[in-house]
Amino acid sequence: VAVRVTNPGGGFGEQAAFFTYRAPRVSAVDPPEGASGGHTAVTIIGANFMTGATVLIAGAGAGAVNVVVHSATSITAETPVRGVGARAVRVTNPGGAFDELLAAYNFRAPEFVRIEPEGVAVPGAGRVTIHGRYFAPGAQLGVLFDASAAANVVFQDAQTILCDVPAHIAGKVGITITSGDGQQVVQADAFTYVA
């Protein structure tokens with residue numbers, strides 16, 4: 001980029017190739033995976049990032065939110081809602097220069113790990129904690145015990161959902177968890193109603 005200085009009256013001086021704008025370079029994303037329902041805080045590591053840079057995850061229309069350029073080598077952002085699978089991450093500097101790292105971030109479906117406690121006496125009452133991975137907040141968040149909906153379902157974080165146990169007859173039941181983005185995980189015989 002040439003730099004020209006012009007004095008009053010029209011006299012000027014110009015230096016060619018005085019300053020070079022370098023394209024950004026994306027090296028890694030930390031963490032490299034998270035919920036398909038988005039809302040995962042990530043750090044993008046690389047070089048030549050500029051203030052005002054934008055971040056796309058998985059192509060056009062999938063812009064990350066809360067993007068903050070901390071330095072030429074670090075950007076933090078929050079992932080958008082996307083379908084399950086590995087996606088490219090693109091950083092674009094003001095002016096249009098960009099770099100893209102393919103399969104840099106993996107959107108994961110929710111997973112069930114365990115429930116505490118694992119059972120209650122019939123007809124059923126009390127609050128339980130569901131532990132898992134890749135849960136996401138949102139309007140579709142819900143929990144079914146067999147076909148009965150749990151009440152007061154609360155997203156605590158990507159690993160924890162709280163809810164109140166619905167009434168049910170004695171026996172083992174499966175649990176269906178619907179993450180906030182509509183992704184479901186079903187765990188058979190995960191909870192016991194004790195006679």
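**Close-up views of a predicted model**

**View 1. The largest pocket of the predicted model.** The largest pocket has a volume of about 150 Å³. A pocket is defined on a 1 Å grid over the protein atoms alone as an open set of points where a 1.4 Å probe fits, with protein on both sides within 12 Å along at least five of seven lines. Lining residues have an atom within 4 Å of a point. Grid points are joined across faces, edges and corners, and the volume is the space filled by probe spheres set on the points. There are 14 lining residues, and Gly34, Ala35, Thr40, Ala158 and Gln159 are the closest to the pocket centre. Strand β4 (residues 33-35) contributes the largest share of the lining, three residues. Strands are DSSP runs of E with at least two residues, numbered from the N terminus. By class, seven lining residues are nonpolar, five polar and two charged. Here Ala, Val, Leu, Ile, Met, Phe, Trp, Tyr, Cys and Pro count as nonpolar, Asp, Glu, Lys and Arg as charged, and the others, Gly among them, as polar.

The model is predicted, so local features need pLDDT of at least 70 and side-chain atom pairs count only at pLDDT 80 or more, whereas totals for chains, interfaces and linings use all residues. Residues are numbered from 1 along each chain as its sequence is written, and side-chain values use heavy atoms, with hydrogens and water left out.

**View 2. The largest nonpolar core.** This core has 20 residues, of which Ile115, Ile130, Val143, Phe145, Ile175, Ile177 and Phe191 touch the most other members. A nonpolar core is a set of buried Ala, Val, Leu, Ile, Met, Phe, Trp, Tyr and Cys residues joined through side-chain atoms within 4.5 Å. Buried means under 20% relative accessible area, exposed over 50%, and partly exposed in between (1.4 Å probe, protein chains only). At least two core residues come from each of β11 (111-116), β13 (127-133), β14 (142-145), β17 (160-164), β18 (171-178) and β19 (184-194). With four residues, β19 gives the most to this core. Another core, of 16 residues, lies apart from it and includes Val26, Val29, Ile57 and Val89. In soluble globular proteins, nonpolar side chains tend to be buried together.

**View 3. Contacts of Val143.** Leaving out residues up to four places away in sequence, Val143 touches Ile130, Ser148, Ala149, Ala150, Val153, Ile161, Cys163, Ile175 and Thr176. Contact means heavy atoms within 4.5 Å.

**View 4. Pairing of β11, β13 and β17.** Strands β11 and β13 run antiparallel and are joined by five bridges; Ile115 has Ile130 of β13 as its bridge partner. Five bridges also join β13 to β17, again antiparallel, and Val128 is partnered by Cys163 in β17. Two strands pair if DSSP finds at least two bridges between them. Thr160 is found in β17 and counts as buried because its relative accessibility is 9%. Beyond its neighbours within four places in sequence, Thr160 is in contact with Thr129, Ile130, His131, Phe135, Val154 and Phe155.

**View 5. Strand β6 and its partner β9.** Strand β6 (residues 54-57) has Val55 and Ile57 on a covered face, and Thr54 and Leu56 on an uncovered one. Four bridges join β6 to β9 (residues 85-92), and the two strands run antiparallel. The bridge partner of Val55 in β9 is Val91.

**View 6. The cis peptide bond at Val122 and its surroundings.** The bond from Val122 to Pro123 is cis, with omega near 10 degrees. Val122 is partly exposed because its relative accessible area is 34%. Its contacts, not counting residues up to four places away in sequence, are His168, Ile169, Ala170, Tyr193, Val194 and Ala195.

View 7. Asn48, in the loop between β5 (41-47) and β6, is not a glycine but has a positive phi of about 65 degrees. At 26% relative accessibility, Asn48 counts as partly exposed. Asp189, in strand β19, also has a positive phi, about 50 degrees, without being a glycine. At 51% relative accessibility, Asp189 counts as exposed.
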